[in-house]
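Here is a brief report on a single chain.

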Amino acid sequence: MILKSRFFSALLASMMLLTVVLSACSKNEAAQPSSPPPSESASPSASPSPSPSESPSPSPEPEPVELSVFGSIPEDAFATQINQWVTAKYPDYKLNYLCSCILNMPDLKAQKDITPDILYGAAEGDLRVLLGGNLQTDLTGLVDSGIVDLNRFDPASIATAKNFSGGKLYGLPESSNPIALFYNKDVFDKFNAPYPTDGMTWDQLYDLAKQVTGKKDGVNYRGISMFYRFALLGNELSLPIIDAETGKAAVNNDGWKRIFENLSRFYKIPGNLEGYERDSGLELNKFYEQKNIAMVLSLSSSYKRPGFEALNWDMVAAPTFADNNGVGFQSLPTMIYITDTAANKEAALQAVNELLSDEAQLAAAKEGRPTHLLNEQVRQAFGADVPLLQGKNVKAIYYNKFAPSPAVHPTLTLNAPSILAFEFEKVILGELSVEEALVSAESELNKAVEMELANKQ
């Protein structure tokens with residue numbers, strides 16, 4: 001979201017109020033009652049008067065802590081999604097919130113009084129912002145001190161968090177948006193074809209897509225479309241687009257060839273490219289508006305789009321490679337990062353840990369936000385409070401094992417998935433072969449890297 005200049009100026013002024021302040025509260029010492037002096041006329045035989053017991057000094061009040069939180073959720077969701085969980089445990093914490101999507105944080109790096117303590121957002125986009133502003137900080141020492149129990153998390157999610165951090169730990173996974181396969185029951189009924197099921201392989205899905213591609217009652221139906229940018233980004237083989245060590249493109253290889261060939265073959269099914277829109281978002285719109293696409297591979301949150309409520313739909317787990325042992329796409333996590341400018345990193349991590357508690361994660365799961373915890377009660381609660389998910393196959397979200405996300409380069413911030421997706425589209429449109437597209441992607445990615453490095457000099 002790009003803010004208009006006049007609105008951005010006003011926001012910068014308001015953001016000055018969102019700095020970390022650790023102000024010590026005054027400590028009022030209670031006056032201790034003094035014992036009366038011994039009477040000089042007291043008879044030696046008189047029983048001594050007992051001294052009044054000293055009143056214990058009151059415990060000092062906790063010092064107030066202010067934390068600035070920048071996130072990708074709307075401001076009206078901040079109170080219930082973040083603030084209530086932290087302040088219930090730490091009533092002396094005050095959290096100030098501003099949507100991170102309006103900020104150009106790399107430009108704000110020099111102005112440490114308006115950078116966030118906690119960054120709550122999507123792993124890919126906000127990580128690029130974090131690294132681009134050199135705002136990352138390693139939380140390993142604090143985590144090892146016992147504030148957070150990493151054993152509560154899916155190991156693949158922690159592996160992803162560490163891969164994002166070069167083996168360190170810049171942040172923790174809060175929720176996810178895994179890829180699922182949505183389907184229109186009415187289209188399958190028209191073709192008298194079986195519905196998709198959990199546990200399908202790519203080859204089984206390919207055969208099914210052919211069954212629901214064709215013309216019925218004067219309407220051309222397409223078997224499947226894909227939000228392929230996210231399918232490439234979250235690929236099941238955990239392949240990087242940019243090599244984390246060299247900073248060079250890592251796509252012209254057999255692994256990416258397998259992924260390109262696998263995904264592109266679906267668009268080559270006769271009739272499946274008819275009416276194709278050169279935008280995955282528009283393809284998703286067609287699925288629930290025109291209702292002429294039988295299946296769509298997309299983010300699990302896609303059901304929230306207006307129009308799904310008028311669709312006779314359900315979902316299943318995304319297909320997997322038969323030889324990949326039930327490993328599906330990456331979880332595409334929402335991460336919570338703590339910045340190097342946070343004045344009280346321990347307090348910030350304590351706040352983050354409350355958002356990762358079983359109670360907070362249970363509430364999030366009921367609202368339709370998949371968890372990274374291993375807690376089965378939390379996982380089974382997914383979508384319990386979402387009317388549109390009632391009666392749907394919500395267990396599909398956790399059917400496959402999540403693939404860990406690959407390591408990322410510690411400084412590069414280019415939008416590599418979009419560059420790769422642009423070259424993939426040339427394959428499905430017949431403009432390039434898979435081999436040619438991967439060579440072109442390698443070249444374009446390396447050019448983008450060189451441009452970014454030149455701009456940083």
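Strand β2 (residues 93-99) is largely enclosed by the rest of the structure, because 6 of its 7 residues are buried. The model is a predicted one. β2 pairs with strand β1 (residues 65-71) in the parallel sense, over 7 bridges. Within that pairing, Lys94 of β2 is the bridge partner of Glu66. Between the two strands the chain runs through helix α2 (residues 75-89), and this β-α-β crossover is right-handed.

Helix α11 (residues 280-289) is likewise largely enclosed, since 8 of its 10 residues are buried. The buried set is Ser280, Gly281, Glu283, Leu284, Asn285, Lys286, Phe287 and Tyr288.

Just after α11, Lys291 takes a positive phi of about 55°.

Now the cores. Which residues touch the most other members of the largest nonpolar core? They are Trp256, Phe260 and Met295, in a core of 79 residues. Helix α16 (residues 434-456) gives this core its largest share, 7 residues. Trp256 has contacts beyond four places away in sequence: Leu232, Asn235, Leu239, Pro240, Ile241, Ala250, Val251, Leu420 and Leu438. A second core is separate and holds 45 residues, including Leu95, Leu139, Leu169 and Leu373. In soluble globular proteins, nonpolar side chains tend to be buried together.

Definitions and conventions. Residues numbered from 1 in each chain as written. Predicted model: local features only at pLDDT ≥ 70, side-chain atom pairs only at ≥ 80, totals over all residues. Heavy atoms only, no water. Buried < 20%, exposed > 50% of the residue type's maximum accessible area, 1.4 Å probe, protein only. Helix = DSSP H or I, 4+ residues; strand = E, 2+ residues; numbered from the N terminus. Core = buried A, V, L, I, M, F, W, Y, C linked by side-chain atoms within 4.5 Å. Contact = heavy atoms within 4.5 Å. Pairing = 2+ DSSP bridges. Right-handed = clockwise from strand over helix to strand, strands pointing away.
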